[in-house]
Amino acid sequence: MALVEVKVPDIGDFKEVEVIELLVKPGDTVKVEQSLLTVESDKASMEIPSSHAGVVRELRVKLGDKVAHGSLVLVLEVGAVEVAVAVAATAAAAAPGVTVNPPPPQPSAVKQDGVKTTSLIEVLVPDIGDFDEVAVIEVMVKVGDAIKLEQSLITVESDKAAMEIPSSHAGVVKDVRVKVGDKVAKGSLVVVLVVVGEGEAAGAVSAPMASAAAASVAAAAAVVAAPVASPVADRVVPTAALAAHQPTVLQTGLPHASPSIRKLARELGVPLSEVKGTGLKSRITQDDVQSFVKNVMSGATQTAAQKLKAPAAQQAGGSFPGLLAWPSVDFAKFGPVERKDLSRIKKISGANLHRNWVLIPHVTNHDDADITDLEAFRVATNQENERSGKGTGSVKVTMLAFLIKASVAALKKFPEFNASLEGDAIVFKNYFHIGFAADTPNGLMVPVIKDADKKGVMQISQEMSELAKKARDGKLSPAEMSGGCFSISSLGGIGGRYFTPIINAPEVAILGVCKSSMQPVWNGNEFQPRLMLPLSLSWDHRVIDGAAAARFNVYLASILADFRRVLL
């Protein structure tokens, strides 16, 4: 182990800046480029990154201290691998004009047999399903950032899901063409990248584009990366052609908060402009953000967006005048509690479910389907596949696959269930995309089986297995959750009897299924044990009448009792 001193890099033309936040403490393990402290001048604030990875041995600054270029921040314990890097970086910082002979470098993506050429690449929004436009809720990169292939650039959100848009190339960000709140669609321009040659390492061209706050760290990295990298980068990416960071320029209109607090606010969806800061010079602290969230959750505070939406929601039936305010309770005074934030999926689905439940006049019909023969056929099919070798490594046929196929037959017979309400008109669909509810660690998701009428039960089972795995792994795309005509929510593997599933707008019906059970059924002469499946059909009374719903349930049950009816 060795000790390395981490110092303040070049921070522009500021002589001294004040330490307003410490982000690490002795004993913490830090990575390269991890933020250590936040400093502030009378015009701007910035976070000072670590030039090395290691364990914090000693902090040499405290809140309120004044620091400048070269001031000692902390002492790190680093391993043997980092010692050579530390020596080179320290020499580079002490004498920028002197070339330091580094230890043998690791293989670089920049070949030494010639200078690579550069090109500008426009990164566009890929196919995001049948959404016309989605809102940008987070921008993850800025001008000068070196990014990798498939690295996330922005986060977009529809009324059903949120997803990150990855980069199609590796390179350095020359221009960011979107901002938070923008609407984008397939083909919208996100960023412009400077791409060097083939397989260029982004770090080789990042040095001349780094912000002033991290300039000396990038310079030290360029020295260690061998003398070849810097000349190539200087020739292929002229600094004059790129937008430089200007720490002396006051960014007007921004709340008084450090970048780390801004990131926390973005993650929690907190509008910083509405948070009152209690820190030094009215700076917004982490406690201020958390207190704001607690007040909003308890109903004690409303954001400006909530206040604007309230009249529209009231007209649409989303709120009801005269109701008592939601009770604010300090649960901790009654006993130990644990607080966890809702996942992004639960936040989105919760809002949609609330809207659908309030705005759609739900009615639910309950019925039972005799699946004795169908279950025997399903079990026999799986056993036959295993005996013949087809079942090895393949997905077994599930009852839900039969339900999807039976639902398609019922939708064909009762087309008003395969429709959507659009103003004063009903849109009847001539395609059959069936969604099924998938329980995931992050919340409920609804993948969609496209063109289920053109697929057999075996193929539907295979696709369901693949989509369910994607949902559990968090890799389900918006395109795979869109376009549904009718949804099925199955609790068969868990239990229960009946329930009221909430319609997945803009659909007009949803089928809920619970666990089947053996029951005595009168056949006209005697009671026989039959396997009965509980069905719960919720439907939109604006589009569907009660008689049609009853007929739909009866017809669906008859298909499940004798699956040969699917062929009729």
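Which backbone oxygen lies 2.9 Å from a polar atom of the side chain of H362? Keep that in mind while you get set up.

**Before you click**

You're looking at a predicted model, where local features need a pLDDT of at least 70, side-chain atom pairs count only at pLDDT 80 or more, and totals for chains, interfaces and linings use all residues. Residues are numbered from 1 along each chain as its sequence is written, and side-chain values use heavy atoms, with hydrogens and water left out.

**Stop 1: H362**

Select H362, which sits in strand 17 (residues 362–370). Helices (H or I, at least four residues) and strands (E, at least two) are DSSP runs, numbered from the N terminus. Now for the opening question: it's the backbone oxygen of I360. Then pick I503, whose backbone nitrogen also lies 2.9 Å from a polar atom of the H362 side chain. Both pairs are polar contacts (N or O atoms within 3.5 Å; within protein, one must be able to donate a hydrogen and the other to accept it, and residues adjacent in sequence count only if both atoms are side-chain atoms).

Next, show what surrounds H362. Leaving aside neighbours within four places in sequence, H362 is in contact (heavy atoms within 4.5 Å) with N356, W357, P501, I502, I503, S538 and W539. Is H362 buried or exposed? Buried, because its relative accessibility is 16%; the cut-offs are under 20% for buried, over 50% for exposed, and partly exposed in between (1.4 Å probe, protein chains only).

**Stop 2: P506**

Jump to P506, in the loop between strand 24 (486–490) and strand 25 (509–513). Click the peptide bond from A505 to P506: it's cis, with omega near 10°.

**Stop 3: two positive phi values**

Go to E150, in the loop between strand 11 (146–147) and strand 12 (152–157). Its phi is near 75°, a positive value in a residue other than glycine. E150 counts as exposed, because its relative accessibility is 52%.

Now select D451, in the loop between strand 23 (448–449) and helix 11 (457–473). D451 isn't a glycine either, yet has a positive phi of about 50°. With a relative accessible area of 28%, D451 is partly exposed.

**Last stop: colour by confidence**

Colour the chain by pLDDT, the predictor's confidence in each residue, from 0 to 100. The protein chain averages 79, and 77% of the residues score at least 70. Among its elements, strand 25 has the highest mean pLDDT (97) and helix 4 (residues 229–236) the lowest (34). Select residues 91–114 too: pLDDT is below 50 there, and the stretch has 23 contacts in the model beyond near neighbours in sequence.
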